[in-house]
Amino acid sequence: MADLSATPTAATAYDAVARKLHWSIAALILVAFGLGLTVDVFPHSWEYAVVETHKVVGIAILVLVLARLGWRLTHRPPKMPDGPAILALAARIGHVALYLVMLIVPIIGLVYAVRRGQGFDFGLFAVPAFQAAEPRAATRPIREWHEWAAYALIALACLHALAAFGNHFVRTDDPLRRMLPEAPRRSL
Ligand code: HEM
Ligand code: HEM
């Protein structure tokens, strides 16, 4: 089994599984973050639906990130584009940090929901609460960690996207293509 620092393959782009997981997780993170921040903006009667949707999207993110880590630990990444070793190291540290925060945010959210005595409504079926709600004073710090970890995730993702776009416009080997579908080859 390979690890996160595995020797790259000769391929120049991530395969379809890695690309689909990358973009679906990125989109779901934006949805979860948006819903988490705007719960109070919706009419009060919508609150249940918004929070439950937020929780279901968050759980989907957790499952997809675990699948992605599974893919990552059993596959070798495409070979790094040529460039300064320090940039490759920064990218690797950034990716490991993103994986960690992508796991930490939904796990803290789950702990918060369970300790607030909430169940989980998946639409077709529901999972009842595991315990009675603990007092808000006891769970408030968990909610704050969840919120701050979510901000850290978005900040890291923005830096990461800026680096990807920066490379796209500055460098000729175009690392952004590593996460985009291969352009179809035209036959003559
Ligand atoms: C990457 C995934 C997630 C992101 C980015 C995220 C983000 C957020 C944000 C920004 C808030 C607002 C915090 C506040 O105003 O105090 C929030 C609240 C919350 N989150 Fe998450 N969250 C995620 C996953 C989860 C998961 C998996 C659960 C539980 C299954 C969850 C449960 C909650 C709950 C219960 C609240 C409080 C909602 C309310 O009643 O106002 N979150 N989340
Ligand atoms: C919430 C948003 C995002 C998250 C959490 C995220 C996370 C990640 C992670 C963890 C990797 C490492 C893949 C691996 O080796 O296993 C990665 C790679 C990559 N991401 Fe993102 N990403 C996000 C958004 C974006 C955006 C908006 C762009 C484009 C502008 C982008 C472009 C790339 C590229 C080009 C790679 C390949 C980098 C390389 O191997 O050199 N990502 N992303």
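How many nonpolar, polar and charged residues does the shell around ligand 1 have? That was my opening question, and I looked it up by class: 16 nonpolar, five polar and three charged. For the classes I took Ala, Val, Leu, Ile, Met, Phe, Trp, Tyr, Cys and Pro as nonpolar, Asp, Glu, Lys and Arg as charged, and the others, Gly among them, as polar.

**Ground rules.** I'm working on a predicted model, where local features need pLDDT of at least 70, side-chain atom pairs count only at pLDDT 80 or more, and totals for chains, interfaces and linings use all residues. Residues are numbered from 1 along each chain as its sequence is written, while chains are lettered from A and ligands numbered from 1 in the order in which they are written.

**Ligand 1.** I found 24 residues around ligand 1, with Gly36, Gly58, Pro106, Gly109 and Ala150 the closest (near means that a C-beta atom, placed from the backbone, lies within 6 Å). Helix 1, helix 2, helix 3 and helix 4 are the elements giving two or more residues to this shell (helices are DSSP runs of H or I, at least four residues, and strands are runs of E, at least two, numbered from the N terminus). I noted that helix 2 gives the most, seven residues.

**Helix 1 on helix 2.** I got an angle of about 155° between helix 1 and helix 2 (residues 47–74), with the axes 9 Å apart (axes are lines fitted to C-alpha atoms over the stretch in contact, and angles run from 0 to 180 degrees between N-to-C directions). The two are therefore roughly antiparallel (over 145 degrees; under 35 is roughly parallel, 65 to 115 roughly perpendicular, the rest oblique). Among the residues making the contact I jotted down Leu21, Ile25 and Leu28 of helix 1 and Val57, Ile61 and Leu64 of helix 2 (in contact means C-beta atoms, placed from the backbone, within 7 Å). The contact residues divide into 17 nonpolar, five polar and one charged.

**Helix 2 on helix 3.** This pair packs at about 140°, with axes 9 Å apart, which makes helix 2 oblique to helix 3. I listed Gly58, Ile61 and Val65 of helix 2 and Tyr99, Pro106 and Gly109 of helix 3 among the contact residues. By class I counted 10 nonpolar, two polar and one charged.

Key
Contact = placed C-beta atoms within 7 Å.
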